[in-house]
Amino acid sequence: MQKTKSKIKIYGDAVLRKKAKPVVKITPDHSEILSRMAKTMYEDSGIGLAAPQIGISSQLIVVDIGEGLYKLINPKIVKKEGVQAITEGCLSVPGVCIKVKRSKKVWVEAKDENNKPVKIEAKDLFACVLQHEIDHLKGKLIIDYASFLEKIRIKRKLSALGSKLKTAELQL
Ligand code: NI
C-alpha cells in the first residue's frame, strides 16, 4: 500500500454526524478510498475505520481484527443474535472508553470493491467492530451509548484535553 494516510476527523466535526450515502456505482475511486482508509487504520493502530472518519460521507468501511482485511461497501446487518458488552474506543473520540452493549453475533451483507457480494457471519470482537463501523455510517458514535453522567464527564474531558489523547483499549 503506497497511498498516503488520511487525517482522522475528530468528534465535533459535522461529517461524523451525517448519514453516509450508499454507493450507487462502484468505481476505482472507491478502491482508492478503501486503500487509503486501510492505510490510515493501520498507521493509527485501529481495527476498523469508516469513511466519514476521513471526511467522506459514503458507505465504506474497513475492518481488520488481526484475521485479515475486509473492505466493505454498503454493509448491512441482516440478522443479529445474543448480547455482549465490550469496552470500545474510537479514533474519532480520542481518550474515551465506553462499554457498549451490542449483539454477540451478526450477519452482514455488503459488496466488495469488485462489485461482488460479500456475506459475513461474525461473532465476538469481529461482530462488535462491524456494528461500531456501521454505526459510523448512520452518524452514531460510542458516546451515544454513554449514560447521562458519563456524557457529562466525557464532554468535560474532551473539551479539557483537546483531541490528542489516545488511551482507549480498542480504536475502531
Ligand atoms: Ni469509531
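At 17% relative accessibility, Val118 counts as buried (buried means under 20% relative accessible area, exposed over 50%, and partly exposed in between, with a 1.4 Å probe and protein chains only). Val118 is found in strand S7; helices (H or I, at least four residues) and strands (E, at least two) are DSSP runs, numbered from the N terminus. This is a predicted model, in which local features need pLDDT of at least 70 and side-chain atom pairs count only at pLDDT 80 or more, while totals for chains, interfaces and linings use all residues. Residues are numbered from 1 along each chain as its sequence is written, and side-chain values use heavy atoms, with hydrogens and water left out.

Leaving aside residues up to four places away in sequence, Val118 touches Leu72, Val108, Glu109, Ala110, Lys111 and Asp112 (a contact means heavy atoms within 4.5 Å). Lys71 is 47 residues from Val118 along the chain, and their C-alpha atoms are separated by 9.9 Å.

## Strands S6 and S7

The covered face of S7 holds Val118, Ile120 and Ala122, and the uncovered face holds Pro117, Lys119, Glu121 and Lys123. S7 pairs with S6 in the antiparallel sense over seven bridges; two strands pair if DSSP finds at least two bridges between them. The bridge partner of Lys105 in S7 is Lys123.

The two strands, S6 and S7, form a hairpin with five residues between them. Asn115 is found in the loop between S6 and S7 and is partly exposed, with a relative accessible area of 44%. Its phi is near 70°, a positive value in a residue other than glycine. Most residues other than glycine have a negative phi.

Ser45 lies in the loop between H1 and strand S1 (48-50), and at 56% relative accessibility Ser45 counts as exposed.

## Strands S4 and S5

Strand S4 (residues 84-88) and S5 pair in the antiparallel sense over five bridges. Within this pairing, Val100 in S5 is the bridge partner of Ile86. S5 has a covered face made of Ile98, Val100 and Arg102, and an uncovered face made of Lys99 and Lys101.

## Salt bridges

A salt bridge is a side-chain nitrogen of Lys or Arg within 4 Å of a carboxyl oxygen of Asp or Glu. Side chains of opposite charge can pair when their charged atoms come close. By this rule the model has 10 salt bridges.

Arg102 and Asp135 meet in one of them, at 3.0 Å from N to O. The pair links distant parts of the chain, with Arg102 in strand S5 (residues 98-102) and Asp135 in helix H2, 33 residues apart. Arg102 is buried at 8% relative accessibility, and Asp135 is buried with a relative accessible area of 8%. Glu88, Arg102 and Asp135 are linked in a network of salt bridges.

Another salt bridge joins Arg17 and Asp144, at 2.8 Å from N to O. Arg17 lies in the segment before helix H1 (28-43) and Asp144 in the loop between helix H2 (124-137) and helix H3 (148-161), so the pair ties together parts that are 127 residues apart in sequence. Arg17 is partly exposed at 38% relative accessibility, and Asp144 is partly exposed at 29%.

Lys105 forms a salt bridge with Glu121, the closest N and O atoms being 3.1 Å apart. Lys105 is in strand S6 (residues 105-111) and Glu121 is in strand S7 (residues 117-123), 16 residues apart. Lys105 is partly exposed at 22% relative accessibility, whereas Glu121 is exposed at 52%.

## A nonpolar surface patch

Phe148, Leu149 and Ile152 form a nonpolar patch on the surface, with about 330 Å² of accessible area together. Patches are made of residues with over 30% relative accessible area and no salt bridge, where like charges are joined within 9 Å and nonpolar side chains (Val, Leu, Ile, Met, Phe, Trp, Tyr) within 5 Å. Accessible areas come from the Shrake-Rupley method with a 1.4 Å probe; for residues, only the protein chains shown count as cover. Phe148 is found in helix H3 and counts as exposed at 64% relative accessibility.

## Confidence

The chain averages a pLDDT of 91, and 91% of the residues score at least 70; pLDDT is the predictor's confidence in each residue, from 0 to 100. Over residues 165-169 the pLDDT is below 50, and this stretch has 13 contacts in the model beyond near neighbours in sequence. Where pLDDT is low, the predicted coordinates should not be read in detail.
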